[in-house]
Amino acid sequence: MNLRSIFIICTLFIQIGSTKAQSPITKESFKHINLNFQGLENVKNAVESGKYNDAASALLKYYRIKLGSRKPDFSNLEIPVDTTGSLDNKTFETAEKALQHQFKTQESYGFFDFGKDINWQLWPVKDNEVRWQLHRLKWWLPMALAYRSTKDEKYAQEWVLQFDDWVKKNPLGLSADNDRFAWRALEVSDRIQSLVPTISIFINSPHFTSQFLITVLNSYHQQTEYLRNHYAKEGNHRLFEAQRTLFAGASFPEFSDAVNWRKSGIDVLNSEIIKQVYADGVQYELSPVYHAAAIDIFAKAYKGAQKAGVEDEFPASYKLTVEKMAMAFINITFPNYNQPMFGDSWWTKKELRIRQFTAWSELFPENPFISYFASDGKKGQKPNWLSNALNNAGLYTFRNGWDRASTILILKASPPGEFHAQPDNGTFELWVNGRNFTPDAGCFVYSGDAEIMKKRNWFRQTRVHCTMTLNNQDMVITKAQQNKWTTSTDLDVLTYTNPSYLDLNHRRTVLFVDKKYFIILDQAIGAKTGILGVHYQLKEDSKPQFDKTKNRVWTSYSDGNNLLVQCLSPIKTELKKEEGKVSYQYGTETTRPALVFEKNKDNKKDASFVSVMYPFTGGKAPKIILKENKGNNYAEGELDLVLTIDGKRRNLKLNLNN
């Protein structure tokens, strides 16, 4: 018996086994398919003749030609897939573990064993993301990629079994608890997105039978229709869900509802881009990570519409807004391609950001600045501006350049944000000569039981950000009002006021002096009394030296690239060490130095702090003295100061009100 005969016999047994496990094919099996779609003539004829098994076989043949004979569509995935080289170790490990029902549902927790008979309700860590992301079924695509690389049928066989098992054990309406996780709209959208390339890879396997195709298509239709009618009410979830619904309609135009899916996605995105994006181009959740995600969503949606030939359903203003969003992102980007970890954010690898800029550049090929970032500075044009204010979103960038040697401070003084924002107005990150000296706190985790929420809430505290507090309490509201923003060759000025507490406003002024160092004036305005604190968070490896007698702290990096932080208004001010932590990735935390300058506000009069952040080279911190001239009046917004740095004087005289 030759190999071909063996293959045919094995295929027959596989199909017989699958037939026993699955429902019979009937006319009802094709009710969601547009049988008049071009290319489905044989399917239609078989259905009309009552030959439903033949119709399913013809439909499988159609999809094997359409999907299985070309490169899978990875364009909609959040993380690009490299199909040019060999299978990477991480993908291979994920696929191998999946064969044993060991799934990594959330990256930071590693693999969990869900049992020989998969327990889809298992909740090994009471972090909601662990259970939500279980139902994103993220390991299915690695299984497909392993199959594509090795041609080993064990991956296809197991995937078919897992798909059937998930459908059987997670029907819509099983329970309110299960629906909350398995059928949350975001998870549904993630599934219908990743299933497109997964199906494309597995479809030529003998385990992918015509009966299984019917199961897959009917499940896909149910999930997409459910999604279309259950979008999140607001935020990035609504964007993800609408864009993926559009993608489903563009990927499977053979469904009768495909037109409705495309239209629904486009209509929602046309509406939401107006609601969610400020006039300066910033997405209203005020998290740089989700801002980038929103750009991806809007850009992919436009490309998906092009794929379906309906891009004209997006008005011209849609593309202009997406381009403005990309430009806003450039303004809050450090030379290493990271952005501040404001709100629910984390550091991202440079190569991923470059891929994002590359995708955006494809949509805006005439924009030289996006091209510059897409090419890592090899093409296009370096931005021809420096300091920049995104006034509507309240994101302010002070910079003296765009390369690694630059000094850059990015500060948040924003309107109220959504879920991913934190009570942190005034916080900032400072980059000097290749080093981020003051990373923001990050978020650590999102939601879960009491223990998980305790961890999340620690990182949300106002006092763990670079801003001012009253009695170490969280600010009541983030609703900053810009009072002044000016730039010049030797002095950039920002002043804003935030109603941080009842009867106490925080007015912060930042001066970028000579494009080199920063003077920060913090004013507590109002009748409220209590302990005021101006907090600073330092990088974990900074090894700071504390001089409490002079209210100053400086880092001690061996490469000589260092920073001095000093309170220059020492009267009744005390320097203290604080507990500090930073979370660069979800689920991880690192201890780091933190400090606060405190004073007691014991009456209804306004109180103020004047601090300096001075980058210096070497191991010896400079000696800095502040003198307030007679004309200086913080309450009236009149600054008349003399700063002496290692014997060199610098006069600062300006009005903060105009």
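Asparagine 471 is partly exposed, at a relative accessible area of 37%; here buried means under 20% relative accessible area, exposed over 50%, and partly exposed in between, with a 1.4 Å probe and protein chains only. The model is a predicted one, in which local features need pLDDT of at least 70 and side-chain atom pairs count only at pLDDT 80 or more, while totals for chains, interfaces and linings use all residues. Residues are numbered from 1 along each chain as its sequence is written, and side-chain values use heavy atoms, with hydrogens and water left out.

Asparagine 471 lies in the loop between β8 (468-470) and β9 (481-486). Strands (E, at least two residues) and helices (H or I, at least four) are DSSP runs numbered from the N terminus. Although asparagine 471 is not a glycine, its phi is positive, at about 55°. Most residues other than glycine have a negative phi. A positive phi, of about 50°, is also found at asparagine 551, again not a glycine. Asparagine 551 is placed in the loop between β14 (545-547) and β15 (552-554). With 3% relative accessibility, asparagine 551 counts as buried.

Positions from UniProt are given in the numbering used here, feature names are shortened, and annotations may be inferred rather than shown by experiment. The record places "domain: Heparin-sulfate lyase N-terminal" at residues 30-372. This span is 60% helix and 1% strand, and its end C-alpha atoms lie 50 Å apart. The annotation "domain: Heparinase II/III-like C-terminal" in the record covers residues 384-599. For residues 384-599, the composition is 5% helix and 44% strand, with 42 Å between the end C-alpha atoms.

Nonpolar cores were defined as sets of buried Ala, Val, Leu, Ile, Met, Phe, Trp, Tyr and Cys residues joined through side-chain atoms within 4.5 Å. The largest nonpolar core has 123 residues, and those with the most contacts inside it are Trp159, Phe208 and Phe298. Helix α13 (residues 288-308) gives the most to this core, with 10 residues. Contact means heavy atoms within 4.5 Å. Not counting residues up to four places away in sequence, phenylalanine 298 touches Leu239, Leu269, Ile273, Val277, Tyr318, Val322 and Met325. Another core, of 40 residues, lies apart from it and has Tyr396, Leu430, Val510 and Ala524 among its members.

Glutamine 243 is in helix α11 (residues 235-251) and counts as buried, at 3% relative accessibility. Its contacts, leaving aside neighbours within four places in sequence, are Asn76, Leu269, Ile297, Lys300 and Ala301. Glutamine 243 and glycine 265 are 22 residues apart in sequence, and their C-alpha atoms are 5.5 Å apart in space. Serine 219, in helix α10 (residues 210-228), counts as buried at 6% relative accessibility. Serine 219 touches Phe163 and Val167, not counting residues up to four places away in sequence. Serine 57 is located in helix α3 (residues 52-66) and counts as partly exposed, at 38% relative accessibility. The C-alpha atoms of serine 57 and valine 43 are separated by 8.2 Å, the two residues being 14 apart along the chain.

On a 1 Å grid over the protein atoms alone, a cavity is a set of points where a 1.4 Å probe fits but cannot get out, and lining residues have an atom within 4 Å of a point. Grid points are joined across faces, edges and corners, and a volume is the space filled by probe spheres set on the points. The count comes to 3 cavities of 30 Å³ or more. The largest cavity holds about 40 Å³ of space. Its lining consists of Arg136, Leu137, Trp140, Arg191, Ser194, Leu195 and Thr198. Helix α9 (residues 185-202) gives the most to this lining, with 4 residues. The lining residues divide into 3 nonpolar, 2 polar and 2 charged, where Ala, Val, Leu, Ile, Met, Phe, Trp, Tyr, Cys and Pro count as nonpolar, Asp, Glu, Lys and Arg as charged, and the others, Gly among them, as polar.

Note on methods: 1 Å grid on protein atoms, 1.4 Å probe; cavity = no way out; pocket = protein on both sides within 12 Å on 5 of 7 lines; lining within 4 Å.
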